[in-house]
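Open the model in your viewer and keep the selection tool at hand. This tour goes stop by stop.

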Amino acid sequence: MNEVNRREDLQRILADLANELDVPPSKYEDAKERYDAVGEWLNEENSILAPYEPRIYPQGSFALGTAIKPLGEEEYDVDAVCCLQTTKREVTQKQLKDMVGQRLKEHGTYARMLDPKDGGRRCWTLKYADSSKFHLDVLPAIPDPCDWLVALGVPRSIAQHAISITDKTTWNAAADWPKSNPQGYVEWFKTRMRVILEERRRLVALEKRADVQKVPDYEVRTPLQRVIQLLKRHRDVRYNGDDDKPISIIITTLAARAYNNEADLMSAILNLVPGMAQAIENRNGVYWVANPVNPRENFADKWAEKPRKADVFFDWLHAVEQEYQHLLTPGGFEKVGEYIEESYGRREASAVMEKHAASLKAPRSPSANHPVAASAQSRSLSRFSVPHREKPRWDVRRTGDVRIRGRIKSNGQWHEFSSDCSGLPKGCDLLFQASTDVQPPFSVHWQVVNTGSEAAARNQLRGQIVPAKTAGVGGL
């Protein structure tokens, strides 16, 4: 197996691994139903909170699309903000926290689910039935004026979501309320993958024959989200129980900064992981991972207090980079199953490698590696069964294999993309190269099929079979 084949197979294995780690859509639906139900209770007409028009929305990994299944017996941790329309002149932190807690305690079921009963440091936590492995953290908050953020260069469209939150440790201090902006962070995160996100959303809508705007975020995954999921589980397994393990907000921020809209998972991993370390600033000897929606906040502030946190982070990033490079070698790929079990868990490794073994036994179709064809594990080819796709004008017989390598030039650099890639950035150069075990003489024909409402509106749908010109060996 050559390097291109190993890379393609590793791409499929890692895509399957990410699918195994991903939270099922049903859990996203459950989460939404539950925080919506809490919001309705807080906002009922007879509620003490009703005059403040409480609004509840998700934050953290469920909002970012980077949540992963919990390890072992751990629970799904869903974070939500409960924002009341009031000001610091009208309410104190303690009053705000107590008001939300009082209303939750007026609900018979929620009162029994509160853990602890007097609330945590910042949130009120609702623990659902053990069978659901699910708890919901509700963070009381109020809007925070955002002009100071705009003055620091944060776009107003992001800064306007800033909030002030409650924290028991600051109730009696003279300092201002703690500040946050989880919704603004989600908006920033989406800007880092906007091109690929929207392209994939359109493909999902096309497959489901649904309106693009009605496709929920949790049904779409980009390479950036997948890489973060893989990194988080690798971290969890490698540093299980270690208080100095890399924290998710730093992983997510650095990964998003390093992401360059790579269109496939392998390219994203190989480019993004080394780029994460380069995205860490050094300000007068202090490591700095700036909050992109509040430049004054350093996500790595604890590194100065405990230098081992920085050492662990850099050692871990280097190890991940070396591991993936090794997996692309013949010796490394032979042990990919052992690596996945050691780094991601036995349950996930078993499911992924069983699927890989089954794919090796299945006969390859002549078009299985076409760069726009989706992998059998993750997408259907049905979206390419369209009227404008030309049928071959000759009898089709299997006499050999053809592999196609796709490359895209973005921002002056070439990156590979694989057969399970969907949308690609606009305005880029594409290069397709084929290799075959068919012995000459032979002739080569190419077919590129595109779909979508945008191409249709511009009368640019295509699917013609055309004879190869002179590029490459024999038109390959």
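Each stop below names what to select and then says what is there.

**Confidence**

Start by colouring the chain by pLDDT. This is a predicted model. The protein chain averages a pLDDT of 87, and 91% of the residues score at least 70. Now select residues 364-382. Here the pLDDT is below 50. Even so, the model gives this stretch 51 contacts beyond near neighbours in sequence.

**Helix α2 and A31**

Select A31, which has its place in helix α2. With 3% relative accessibility, A31 counts as buried. Which residues does A31 touch, leaving out those up to four places away in sequence? Show F62, V78 and F134: these are its contacts. A31 and F62 are 31 residues apart along the chain, yet 8.5 Å separates their C-alpha atoms.

Most residues other than glycine have a negative phi, and most peptide bonds are trans.

Select E53, in the loop between α2 (25-42) and β1 (55-59). E53 is not a glycine, but its phi is positive, about 50°. Its relative accessible area is 55%, so E53 is exposed.

Jump to N284. It sits in the loop between β7 (281-283) and β8 (286-288). N284 is not a glycine either, and it has a positive phi of about 55°. Is N284 buried or exposed? At 83% relative accessibility, it counts as exposed.

Now select D115 and P116. The peptide bond from D115 to P116 is cis, with omega near 0°. P116 lies in the loop between α5 (108-113) and β3 (124-127).

**Aromatic rings**

Show the side chains of Phe, Tyr and Trp. Counting rings whose centres lie within 6.5 Å, there are twelve aromatic pairs. A pair of aromatic rings is described by the distance of the centres and the angle of the planes.

Select Y185 and W188. Their rings form a tilted pair, 5.4 Å centre to centre with 50° between the planes. Both residues belong to helix α8 (residues 182-191). They are three residues apart there, so about one helical turn separates them. Y185 and W188 are both buried.

Go on to Y339 and Y344. What kind of pair do the rings of Y339 and Y344 make? The centres are 6.0 Å apart and the planes stand at 75°, so the pair is edge-to-face. Y339 counts as buried at 11% relative accessibility, and Y344 counts as buried at 1%.

Then select Y287, W303, F313, F314 and W316 together. They form one aromatic cluster.

**Helix α12**

For the last stop, select residues 265-278, which make up helix α12.

Look at the start of α12. A side-chain oxygen of D264 comes to within 3.2 Å of the backbone nitrogen of M266. Follow the helix on to L272, where α12 bends by about 30°.

Among the buried ones are L265, M266, I269, L272 and M276.

Terms used:
Residues numbered from 1 in each chain as written. Predicted model: local features only at pLDDT ≥ 70, side-chain atom pairs only at ≥ 80, totals over all residues. Heavy atoms only, no water. Helix = DSSP H or I, 4+ residues; strand = E, 2+ residues; numbered from the N terminus. Expected span 1.5 Å × (residues − 1). Bend = angle between axes of the 7 residues up to and from the residue. Buried < 20%, exposed > 50% of the residue type's maximum accessible area, 1.4 Å probe, protein only. Polar contact = N/O pair within 3.5 Å; in protein donor to acceptor, adjacent residues only side chain to side chain. pLDDT = per-residue confidence, 0-100. Contact = heavy atoms within 4.5 Å. Phe/Tyr/Trp six-rings, centres within 6.5 Å; stacked < 30°, edge-to-face > 60°.
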